[in-house]
Amino acid sequence: MNLSPVFEPTAKMRDTLSPAVFIDRDGTIMEDIDYCSHPKDVRIFSGVLEALRCLKSRGFKLIIITNQSGIGRGLFTLDQYRAVEAELLRQLGDGLIEGTYYCPDAPGQYSNCRKPAPGMVVKATRDHQIDLSRSFFVGDKEIDVECAHNAGVRAIRVRTGIQRDVTGSNADWVADDVPAAVQIILNAKS
Ligand SMILES: [Mg+2]
């Protein structure tokens, strides 16, 4: 089939899109201590680092998507948030995470980024040339599932957060933790 020149960039763009795994932070990658505001409180769950490395080696871009209403509520400053983010990225190691998106908005105010709104996923998709049809979202709360579905991404809900009762969840899969979620992703892909 001969494509006219005007369609060539679209075909090329499609070839360069990557699958991604969008990952919630608190209660998914690291312990949820309710409004983490200090680097000393960053504790990554066992097995998460190895699981994320495995995903990256299989070609997934890894993107953190996190609500940080503690900023909007005035519980901690943006600088404190950034110190926690830097410590998490330090512990995860250079180059593993493609991007981190946080939403500072408090509940009750209009927000197109606070999960379950899909704004952060939409922005990350544009910034990192992602193919949503081959992507997944992993999170510990139903708002993560809703955010994923609002963005058109399959969702895996993990039980490592504060809300461990997944009764009635609309997640496409439920997994005990991130390593188990990664197994689901790799099986779904093949
Ligand atoms: Mg969470």
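**Close-up views of a predicted model**

**View 1. Helix α2 and its two sides.** On one side of α2, Glu 50 and Ser 57 are exposed (exposed: 12 or fewer other C-beta atoms within 10 Å; buried: 20 or more; partly exposed: in between; C-beta atoms are placed from the backbone). Helices are DSSP runs of H or I with at least four residues, strands are runs of E with at least two, and both are numbered from the N terminus. The model is predicted; local features need pLDDT of at least 70, side-chain atom pairs count only at pLDDT 80 or more, and totals for chains, interfaces and linings use all residues. Residue numbers start from 1 along each chain as its sequence is written. Helix α2 spans residues 48-57, with Val 48, Ala 51, Leu 52 and Leu 55 buried. These four lie on the same side of α2 because they cover an arc of only 95 degrees around the axis (the arc is that of the directions from the helix axis to the C-beta atoms). Gly 59 follows α2 and has a positive phi, near 100 degrees.

**View 2. Helix α5 and its cover.** Helix α5 runs over residues 119-128. Its buried residues include Met 120, Val 121, Ala 124 and Thr 125. Down the axis of α5, the buried residues fall within an arc of 135 degrees, so they line one face of the helix. Arg 126 and Asp 127 are exposed on the other side of α5. The cover over the buried residues includes β1 (20-23), β2 (61-67), β3 (99-103) and α6 (142-151).

**View 3. Ile 23 in the nonpolar core.** The largest nonpolar core has 44 residues (a core is a set of buried Ala, Val, Leu, Ile, Met, Phe, Trp, Tyr and Cys residues joined through C-beta atoms within 7 Å). Val 21, Phe 22, Ile 23 and Val 138 have the most contacts inside it. Leaving aside neighbours within four places in sequence, Ile 23 is in contact with Thr 28, Ile 29, Leu 62, Ile 63, Ile 64, Ile 65 and Val 138 (contact: C-beta atoms, placed from the backbone, within 7 Å).

View 4. Lys 115 and Pro 116 are joined by a cis peptide bond, with omega about 20 degrees. Pro 116 sits in the loop between β3 and α5.

View 5. Asp 34 is in the loop between β1 and α2. Its phi is positive, about 65 degrees, although Asp 34 is not a glycine. Asp 34 counts as exposed because it has 10 C-beta neighbours inside 10 Å. Tyr 35 is also placed in the loop between β1 and α2. Tyr 35 is not a glycine either, yet has a positive phi of about 60 degrees. With 17 other C-beta atoms within 10 Å, Tyr 35 is partly exposed.

Technical notes. Contact = placed C-beta atoms within 7 Å.
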